[in-house]
Structure formats: structure tokens, C-alpha cells
Amino acid sequence: MILNETYMMVNGLSIPKLGLGTWFIEDDRAAQAVRDAIGIGYRNIDTAQAYGNEHGVGEGVRSSGVPRDELFVSSKLAAEIKDYDGAVAAIDGSLTTMGLDYLDLMLIHSPQPWDDWRGGTYAEGNRQAWRALEEAQQAGKLRSIGVSNFEQSDLENIVSVSTVSPQVNQVLFHIGNTPDDLLSYCTGEGILIEAYSPIAHGEILTNADVIEMAERYSVTVPQLCIRYALQMGTVPLPKTANPDHMRENAQVDFTISDEDISTLWRLRINDYGKSGKFPVFSGK
């Protein structure tokens, strides 16, 4: 079962291959969603300071009945924090808000603040934030550290001055958006890719070609999308608060053929509908 499978990160620690994303799950619903997911068998839970639900996620982890060391809990440093002192305070803030002694993974959420998405480089600010993450890892507050939405140049900026390279890069990755060059670079550097919005923020659910292929495999479109992300060597993080969807998303014990993988790889989705208002779906 996929919920029992893990990847090994470059730092020697393991990470469950399938996780639960919590974007858009309100704080007062997050604890129950996390408890439901853990009860189903999920062991990888992802949140972020920007999601506004760290308190609920932390409560769900603490009240799940599963030992803390059997869970992999991630959060993200707010994209606007581009200085050392601010990053140090924010890391401690996440631990306090979540009521946890450590996080298994913490990421810089974006190389730019959201209001300047794909604008300036913020090279020095990212280095300062990274130094804070490195020190928190050395102190045992964070077991693994990484980045999110970083392109190759952003990663090179960190790697060039770091004592510890990013273990993870969490990026938009789904059928219709497979960033091949970035995937190749990260693989060569030992950086694991986490795939957020593996179902294209829902926009792929009505794609006729994907629907037809899912029917041939007797699976749902979300299951096909999650399996694709897994076969591409990434950690998919489908987001849902619905226990039925959580169970369904984990039922991916099938294999997409090489021919069909190639077909899905060639698909391109550029229109995210109303979600295009969010920076990550804006097309920049």
C-alpha cells in the first residue's frame, strides 16, 4: 500500500511517498482532517504559515493517537520573510503555534514574496532565510529543510553558499505541467520533488483525454493523476478534508504503461480558470 512506502532523502531520512495537503482547509477544520487522514494511514502531513491552519494541523497531529516519531510533518516559512532574524522568529513561531518540539521538514515557501511573484531575485534574502533553516536543523528543531517554488537559478543561489543543500523542492507538478528541466536538475542534485496540486487544482477533472485514460485503467481521474506523480518519482500532496477522498487518493496500486506516461507527459494545461488569480497558477 502506497501509504506504507517511503523515499530516502539525500540526508538519509525517509519521507512517505504520499502526503496530505492542507491548503484551503480552515484552521477550525484542520485538526479533524488531520486526524481522519492519520486514522486512514497517512503519515505525511503538509501545511504552511500562509495557510493559516498550523494550529489546527498541530492539534490534529498531537491528538491523532499515533506516536509523533511515526509522522512526517512539514510547514513552510512565509514567502515574505527574506531576512535572518525574521526567519528565526518565524521558525520558532511555527513550532509554538503547532505545539510541536520539531518539524520533519520546513521549506522556504517561495523565492519571492507573493506580491512580487517571479519578479526580483531576492538572492540575499533567500540566503539569510536559508541560514536560519540550517541553524534550526543543526539545533534539532527541523529534521529536514528545503524550498518551494524554486527554479534552478533560485536553487543555485542557495547551493552556492550553503553548508547543507535543500533536501526538497515542492513545486506545481501535475499531468499537463511536468517541469522536466527542473526535475532533471533536482534529481541530479539529490533534491526530491514534492508535487503540490497534483490534480491541477481540480482543472484536470473535466479533461476528456485524461477521463478516457482513467476509464481504461478503471480508476478515477485523481487516482490517475496521483499515480502519474508517483511514477515520475515525486511526492504528491493532494489536498482534501474529505475522508472518502483521502481513502480514494491512496488507492493507487496500479501501474501506468510507459506509452501512457508519455502521452500524459505531453499534455499541457495552461488555463486554471478562477484559480489563475493565485500567483502559482498565473502562468508567470
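Student: Does glutamate 5 count as buried, partly exposed or exposed?
Tutor: The model is a predicted one. Glutamate 5 has a relative accessibility of 34%. Buried would require under 20% and exposed over 50%, so at 34% glutamate 5 counts as partly exposed.

Student: With which residue does glutamate 5 form a salt bridge?
Tutor: Side chains of opposite charge can pair when their charged atoms come close. For glutamate 5, the closest N and O atoms of the pair are 3.4 Å apart, within the 4 Å cut-off. The partner of glutamate 5 is lysine 17.

Student: How many residues apart in sequence are the parts that glutamate 5 and lysine 17 tie together?
Tutor: Glutamate 5 belongs to the segment before strand S1 (6-8). Lysine 17 sits in the loop between strand S2 (14-16) and strand S3 (20-21). The pair therefore ties together parts whose separation in sequence, in residues, is 12.

Student: Is lysine 17 buried or exposed?
Tutor: The relative accessible area of lysine 17 is 19%. The limit for a buried residue is under 20%, so lysine 17 is buried.

Student: How far apart are the closest N and O atoms of glutamate 26 and arginine 29?
Tutor: Glutamate 26 is partly exposed, at a relative accessible area of 42%. Arginine 29 is also partly exposed, at 42%. The two form a salt bridge, and its closest N and O atoms are separated by 2.8 Å.

Student: Which helix holds both glutamate 135 and arginine 131?
Tutor: These residues form a salt bridge, with the closest N and O atoms 3.6 Å apart. Glutamate 135 is partly exposed at 33%, and arginine 131 counts as partly exposed at 33%. They are four residues apart, about one turn of the helix, and that helix is H4 (residues 123-138).

Student: How many salt bridges does the structure hold?
Tutor: The pair of glutamate 5 and lysine 17 is a salt bridge, and so is the pair of glutamate 26 and arginine 29. The number of salt bridges in the structure is 11.

Student: What is the angle between helices H2 and H3?
Tutor: Two packed helices are described by the angle between their axes and the distance between the axes. H2 (residues 54-62) and H3 (residues 84-98) have their axes 7 Å apart. The two helices are oblique to each other, and they pack at an angle of about 55°.

Student: Which residues of H3 make the contact with H2?
Tutor: On the H2 side, the contact is made by Glu54, His55, Val57, Gly58, Glu59 and Arg62. The residues of the contact divide into two nonpolar, four polar and three charged. From H3 come Ser94, Thr97 and Met98.

Student: What is phi of phenylalanine 24?
Tutor: Most residues other than glycine have a negative phi, and most peptide bonds are trans. Phenylalanine 24 is placed in the loop between S3 and helix H1 (27-40). Its phi is positive, near 75°.

Student: Where does histidine 201 lie?
Tutor: Histidine 201 is not a glycine, but has a positive phi of about 55°. Its place is the loop between strand S9 (192-196) and helix H7 (208-216).

Terms used:
Residues are numbered from 1 along each chain as its sequence is written. This is a predicted model: local features need pLDDT of at least 70, side-chain atom pairs count only at pLDDT 80 or more; totals for chains, interfaces and linings use all residues. Side-chain values use heavy atoms; hydrogens and water are left out. Axes are lines fitted to C-alpha atoms, for helices over the stretch in contact, and angles run from 0 to 180 degrees between N-to-C directions. Angles under 35 degrees count as roughly parallel, over 145 as roughly antiparallel, 65 to 115 as roughly perpendicular and the rest as oblique. Contact means heavy atoms within 4.5 Å. Ala, Val, Leu, Ile, Met, Phe, Trp, Tyr, Cys and Pro count as nonpolar, Asp, Glu, Lys and Arg as charged, and the others, Gly among them, as polar. A salt bridge is a side-chain nitrogen of Lys or Arg within 4 Å of a carboxyl oxygen of Asp or Glu. Buried means under 20% relative accessible area, exposed over 50%, partly exposed in between (1.4 Å probe, protein chains only).
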